Amino acid sequence: MNIITLLLPYQPPWDWQQFHSHFALRAIPGLEALSADSYSRGFCIDGAPGWLRVAPLPGQNALELRCRIASPAHLDQLEQRVRRMFDLDSEPETIARHLSADELLAPLLLRNPGLRLPVAFDPFEQAVRAIVGQQVTVKAAVTIVGRLVQRIGTRLDTPAAPGISHLFPTPQALAEADLSGIGMPGKRVQCLQHFAARIADGSLLLSIEHGSAALIEQLCALPGIGPWTAHYIALRAFGEADAFPASDLGLLKAPVWGAAGIDARRLTLRAEAWRPWRAYAAAHLWHCYSGG
């Protein structure tokens, strides 16, 4: 396996710091590694393992992707996944023009013009993170997912990528694993393993080929998965531009709503005017909530 380097151009504005901050909160030790100017991870495509490193290029509207991949046939898929992961195909001017019609969003868009949608490398991995993250902090979810990776993820030998030692567990491995003592309530463990089993046997396909609404409906039909989790999976696993987890605390308590916040019903109604870019509105509200 040779190391391949690609340039991934994007339309500015685009902000490396946004993605660095996002991954700094969520990176799983052993699976991912973060430095001030790079993000690395192990991955598997069609059963073939590899690793990648992404870094911004100063003075250029492009990222550098270095990767070690088993087959050149996987390179196009890898490039598309990384482009989606860092939201490089977004049209910031079009989105800003639409969302700026809302008087409360307009100042946020002026303040953070390059804000994008960080998306997971792998949809199954993101779905697992979302299920684990129900009703716990991001930090707690990262700890538990880190245990899953260390306990049942495949080891990866990557001398050229320090800090990368594991792949994310496969659906079958997760469905069949003994998760006692993992740190989750029994019902959430059951929910997670039932979901993984459905993915493993092919009875549930993680895809938005038939639209995100169809996927959200399928996910909500599973025990233990509600609208917040389903919308969050659509948003973070696929970069679905109109996904909107309206009951999310960060959206409801964003400072733009004042000290009292807003309730999910009123937020859902207001967000109708933000279609088809509601996920980008959510990104700005989350950034505002976190002090950005």
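This report describes the strand pairing, helix packing and selected loop residues of a predicted model.

## Basis of the description

In this predicted model, local features need pLDDT of at least 70 and side-chain atom pairs count only at pLDDT 80 or more, whereas totals for chains, interfaces and linings use all residues. Residues are numbered from 1 along each chain as its sequence is written, and side-chain values use heavy atoms, with hydrogens and water left out.

Helices (H or I, at least four residues) and strands (E, at least two) are DSSP runs numbered from the N terminus.

## The sheet

Five strands form an open sheet in the order E1-E5-E4-E3-E2, with antiparallel pairing; two strands pair if DSSP finds at least two bridges between them. E1 and strand E2 (32–35) are the edge strands, each pairing on one side only. On average, neighbouring strands of this sheet are turned by 20° against each other, direction ignored. Axes are lines fitted to C-alpha atoms, for helices over the stretch in contact, and angles run from 0 to 180 degrees between N-to-C directions.

Strand E1 (residues 3–9) runs antiparallel to strand E5 (residues 62–68), and seven bridges join them. Within E5, Ala62 stands opposite Pro9 and Cys67 stands opposite Ile4. Strand E4 (residues 48–56) also pairs with E5 in the antiparallel sense, over six bridges, and Val54 has Leu65 in E5 as its bridge partner. E4 and E5 form a hairpin with five residues between them, where Gly59 in the turn has a positive phi of about 80°.

Helix H2 (residues 75–85) lies across E1, strand E3 (38–45), E4 and E5, and runs at about 45° to E1.

## Helix packing around H10

The axes of helix H9 (residues 212–220) and helix H10 (residues 227–238) come within 9 Å and cross at roughly 135°. H9 and H10 are therefore oblique to each other; angles under 35 degrees count as roughly parallel, over 145 as roughly antiparallel, 65 to 115 as roughly perpendicular and the rest as oblique. Their crossing is right-handed, a term that applies if the near helix is turned clockwise from the far one by less than a right angle, and left-handed if anticlockwise. The residues of this contact divide into nine nonpolar, two polar and no charged. Ala, Val, Leu, Ile, Met, Phe, Trp, Tyr, Cys and Pro count as nonpolar, Asp, Glu, Lys and Arg as charged, and the others, Gly among them, as polar.

Helix H5 (residues 123–132) also passes H10 in a right-handed crossing, with axes that come within 9 Å and cross at roughly 145°. Pro123, Gln126, Ala127, Ala130 and Ile131 in H5 meet residues of H10 including Trp228, Tyr232, Arg236 and Phe238; contact means heavy atoms within 4.5 Å.

## Loop residues and backbone geometry

Asp46, in the loop between E3 and E4, counts as exposed at 65% relative accessibility. Asp87, in the loop between H2 and helix H3 (92–99), is buried, with a relative accessible area of 10%. Buried means under 20% relative accessible area, exposed over 50%, and partly exposed in between (1.4 Å probe, protein chains only).

Thr158 lies in the loop between helix H6 (138–152) and helix H7 (171–176) and counts as buried at 8% relative accessibility. Leaving aside neighbours within four places in sequence, Thr158 is in contact with Trp51 and Ile164.

A cis peptide bond with omega of about 5° joins Pro12 and Pro13. The peptide bond from Arg275 to Pro276 is cis, with omega near 5°.
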